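Subject: Structure for your files

Dear colleague,

Here is the structure I said I would pass on. My notes on it follow below.

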Amino acid sequence: MDQQLNKIKKVFWILALAATVFVFSCTEENENEGDNLSQQILGKWMLTKIDGKEVPTNEKLVYTVESATKGYVSASRVDFSDSVLRWTNHQPCEIAIDGNKITITGELNKTTTFVAEMDIRSISSTEMSAESEYTVYHNGRPLYTSCGLALLEKVSKDYSADILGQWEGHVTNNEGSEFDDGELHRWEYLSDGTYIYYMLDSDSNWVQSDSEFSEYFVDGTLLCTRWKNVGDGEVENREWWEIASISNGTMNWTALRQKEDGTTYTATFHMTKTQ
């Protein structure tokens, strides 16, 4: 029960962040007359801290502000229980603004929606924070209400197009990925949101791995993947990375991972583009 409640809390911290973005436009216009803040809020914003604590990569989201009334959110998480997985790939949301307050509504899945209200606390051209209060509804009934201080940073890059193609690489630190063995592997990212995973066989030939599905999305610098191997008893796996850079045929990933004891470490990955 405690583990399930912790998962629920993590989800709702994320939801609070979604509304934060839009409070920004109202407060800025009130406090800085003449500034073109309606343009300043446009773009992508990523959750970085909750109550001053760094957020692990698998708990991050990217929120894209298209206007003062429309936007979308991307995240990959587990909702409410191990059996209900959420894959939020550019999910649209609606907003209503009243003075320096914002109400944002969105759908997490067919049975779960949220309503959030935010008050801006501080903003700049690169980050913003706000006090938030939000409620999640499951099958029309209030499931959870919470509040707190959230911090987002503006994302200046979007690597969703740059990642397309085939890449070869391996983990570059000792802890790295729980799914990686430190050996070279290949990933081919396709434009339809799927990817192909390759491994070396005993004769040093690259062979495509069997899977029921292999999906990914990139929103800004956040890379979310999920896959399920072929076979009885196989389960869906997920992994999250932040793309640090893609340049001159090389790609670097980083991720803040949290262990079961609550300690964290930084994982890194280096890849080169193949022909």
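The lining of the second largest pocket is made up of 11 nonpolar, 6 polar and 3 charged residues (Ala, Val, Leu, Ile, Met, Phe, Trp, Tyr, Cys and Pro count as nonpolar, Asp, Glu, Lys and Arg as charged, and the others, Gly among them, as polar). The model is a predicted one: local features need pLDDT of at least 70 and side-chain atom pairs count only at pLDDT 80 or more, while totals for chains, interfaces and linings use all residues. Residues are numbered from 1 along each chain as its sequence is written, and side-chain values use heavy atoms, with hydrogens and water left out.

That pocket holds about 360 Å³ of space, a volume being the space filled by probe spheres set on the grid points, which are joined across faces, edges and corners. A pocket here is an open set of points on a 1 Å grid over the protein atoms alone, where a 1.4 Å probe fits, with protein on both sides within 12 Å along at least five of seven lines; lining residues have an atom within 4 Å of a point. Of its 20 lining residues, Phe-179, Trp-187, Tyr-195, Tyr-197 and Trp-227 lie nearest the centre. Strand 15 (222–229) gives the most to the lining, 4 residues. Strands are DSSP runs of E, at least two residues, numbered from the N terminus.

Strands 11 and 12, which each supply at least two residues of that lining, belong to an open antiparallel sheet of 9 strands in the order 13-12-11-10-18-17-16-15-14. Its edge strands are strand 13 (206–208) and strand 14 (211–219). Two strands pair if DSSP finds at least two bridges between them. Strand 11 (residues 185–189) and strand 12 (residues 195–200) pair over 4 bridges, and Arg-186 stands opposite Tyr-198 in strand 12.

The largest nonpolar core has 22 residues, and Ile-163, Tyr-189, Leu-223, Ile-243, Met-251 and Trp-253 have the most contacts inside it. Strand 18 provides the largest share of this core, 4 residues. Such a core is a set of buried Ala, Val, Leu, Ile, Met, Phe, Trp, Tyr and Cys residues joined through side-chain atoms within 4.5 Å, with buried meaning under 20% relative accessible area (1.4 Å probe, protein chains only).

Strand 1 (residues 43–50) is largely enclosed by the rest of the structure, because 6 of its 8 residues are buried. Strand 1 runs antiparallel to strand 3 (residues 61–65), joined by 4 bridges, and Met-46 has Val-62 as its bridge partner there.

Regards

Key
Buried means under 20% relative accessible area, exposed over 50%, partly exposed in between (1.4 Å probe, protein chains only).
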